[in-house]
Amino acid sequence: MRIAGSLALVMVLALIPFAAVSNGASTTAHFIANLGGSTAPAALGYNVFDTSPSNVGNLPSGVRGLVWLGQKCPTTADASFRSAIDNLSTNERVFGYYLSDEPHISDCPGGPAALKSRTDYIRSKNSSQYTFIVLDDQVDMTPFRPAVTGVHLVGLDPYPCSIANPQCDLTKIGQRVGWADTAGIPRSQLVPTFQCFGQNNISGGYYTLPTATQLRAMLAEWAKYLPDPVMDYSYSWGNQSSSNPTLVNSPALQQVMAEHNAVGGPTATTTPPPTVTVTPTPTRTKKPHPTHSGHAG
């Protein structure tokens with residue numbers, strides 16, 4: 001599903017009462033995934049888009065790309081990967097690279113070393129482009145931490161709102177941040193992921209779309225732990241087989257995120273990624289998350 005255009009979106013937002021969101025004060029990079037070719041989120045202040053290598057040149061003005069080169073289980077940088085980075089490393093429209101979505105060490109014991117080969121190659125070509133992964137399980141945080149893999153940013157994606165927690169269990173946010181602390185992931189390298197989806201329209205779905213009030217509470221809870229992250233992540237814009245409805249379906253949630261994103265300003269900055277000190281790598285049962293679609297538009 002796609003909203004016809006940015007002007008129509010802005011007109012819809014203007015009809016919704018304003019209520020301030022206390023987050024995003026210093027965050028300038030607002031990332032959104034699964035656009036399916038839509039540019040409408042730019043009108044909400046999203047300035048980093050999920051994109052494929054071939055679509056970077058088609059991004060809207062003022063928007064940069066987080067290029068999906070991801071794998072569930074990372075493999076060593078090969079010729080195809082190096083070629084993609086060679087072609088993109090000098091492109092100023094590239095914010096960085098999304099390299100893996102919820103890898104699991106039990107399924108992917110070689111993943112951390114393989115990911116390190118990828119981040120090393122990216123850094124050798126352009127040290128100002130970010131590398132990004134998402135982690136969810138506690139057991140995966142230590143082996144995939146930046147000190148091992150060389151990644152700049154690690155997204156955490158607890159989804160508080162579900163049929164088991166219809167009022168949204170915000171303690172999941174502090175729990176995941178605590179896990180990251182214990183694993184040695186600096187908070188300065190953490191990326192909050194905001195639940196902007198549900199599975200209400202999916203048979204047997206578990207997650208529920210938050211209300212505007214619940215989303216505001218979620219943003220405020222994240223701000224307690226990560227008040228000024230380098231980037232934040234809204235999951236997600238378009239419908240998927242594992243996420244429906246999403247942000248595209250809710251003008252009320254769009255308004256909340258427009259307020260949030262406006263606080264941080266309209267342009268994704270090029271602050272250099274943090275220096276990552278790499279150390280050698282020492283010798284689940286949960287409701288499945290929806291995953292990155294593996295492509296972007």
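I began with proline 245, which I found in the loop between E8 and H8. The model I am reading is a predicted one. The peptide bond leading from asparagine 244 into proline 245 is cis, and its omega is near 10 degrees.

I read the peptide bond from tyrosine 235 to serine 236 as cis, with omega near -5 degrees.

**Whole chain**

I stepped back to get an overview. I counted eight helices and eight strands in the protein chain. The chain has 297 residues, and 56% of them count as buried.

**Positive phi**

Next I turned to backbone angles. I placed glutamate 102 in the loop between strand E4 (94-101) and helix H3 (111-125).

I made a like entry for cysteine 168. Its phi is positive, about 75 degrees, and cysteine 168 is not a glycine either. I located cysteine 168 in the loop that runs between strand E6 (153-156) and helix H6 (171-183). Cysteine 168 counts as buried because its relative accessibility is 12%.

**H6 against H7**

How do the axes of H6 and H7 cross? They come within 9 Å and cross at roughly 25 degrees. I therefore wrote H6 down as roughly parallel to H7, since angles under 35 degrees count that way. I noted the crossing of H6 and H7 as right-handed.

I also listed the residues that meet there. On the H6 side I have Ile173, Gly174 and Val177, and on the H7 side Met218, Glu221, Trp222 and Tyr225. What kinds of residue make up the contact of H6 with H7? I sorted them into five nonpolar, one polar and one charged. In this sorting Gly is among the polar residues and Glu among the charged ones, so I put Gly174 and Glu221 in those two places.

Definitions and conventions. Residues numbered from 1 in each chain as written. Predicted model: local features only at pLDDT ≥ 70, side-chain atom pairs only at ≥ 80, totals over all residues. Heavy atoms only, no water. Helix = DSSP H or I, 4+ residues; strand = E, 2+ residues; numbered from the N terminus. Buried < 20%, exposed > 50% of the residue type's maximum accessible area, 1.4 Å probe, protein only. Axes fitted to C-alpha atoms, helices over the stretch in contact; angles between N-to-C directions. Parallel < 35°, antiparallel > 145°, perpendicular 65-115°, else oblique. Left-handed = near helix turned anticlockwise from the far one by under 90°. Contact = heavy atoms within 4.5 Å.
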